[in-house]
Amino acid sequence: MMKLAIIYKDQGRLSDAELYGLKSFEMVKTAYASTKPEDGGSGELVWYMDHLATIYDTCRKFTEAEKLQLDVVFISQKEYGEEHPQTVTTIGNLAVIYSHQGKYEGRELSDSRRDIYKNPRQETP
């Protein structure tokens, strides 16, 4: 159902995109409510959260988009580590949300993302 929400977003049918995006996220959230991260499933949940945040951003619901995307970044960092491509992508998505709001932090996050992609095996001090 989230893929349908993404199609609606791309078509500019934002109310439909938000409706289906939220419904699909709630269904997945309920399905994984009783599972622990080590049992798996958090990657799928993060995928849904990330796309719903993008839909909120497109709908100009920046507060909701930012809050959800910050959760996505936190979970990705915890689950995969700071320099994992999944985490870097979620940070980049947060940077996009910040840039749409005119916040400076987005540029710093985007620069960080670019640096990690330039040297993905870089040692962290």
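Visitor: Which residue lies over the face of Y20?

Guide: A charge sits over a ring if NZ of Lys or CZ of Arg is within 6 Å of the ring centre and within 35 degrees of the ring normal. Here K23 lies over the face of Y20, 5.8 Å from the ring centre. This is a predicted model: local features need pLDDT of at least 70, side-chain atom pairs count only at pLDDT 80 or more, and totals for chains, interfaces and linings use all residues. Residues are numbered from 1 along each chain as its sequence is written, and side-chain values use heavy atoms, without hydrogens or water.

Visitor: How many aromatic pairs does the structure hold?

Guide: Rings of Phe, Tyr and Trp (its six-membered ring) pair if their centres lie within 6.5 Å; planes under 30 degrees apart are stacked, over 60 edge-to-face, the rest tilted. The structure holds 2 such pairs. Y8 and Y20 form a tilted one, 5.6 Å centre to centre with 50° between the planes. That pair links distant parts of the chain, 12 residues apart: Y8 is in helix α1 (residues 2-11), Y20 in helix α2 (residues 14-31). Helices are DSSP runs of H or I, at least four residues, numbered from the N terminus.

Visitor: Are Y8 and Y20 buried or partly exposed?

Guide: Buried means under 20% relative accessible area, exposed over 50%, partly exposed in between (1.4 Å probe, protein chains only). Y8 is buried because its relative accessibility is 13%. Y20, at 25%, is partly exposed.

Visitor: Which type of pair do W47 and Y48 form?

Guide: Edge-to-face: 4.9 Å centre to centre, 80° between the planes. W47 is partly exposed at 32%, while Y48 is buried at 13%.

Note on methods: Helices (H or I, at least four residues) and strands (E, at least two) are DSSP runs, numbered from the N terminus.
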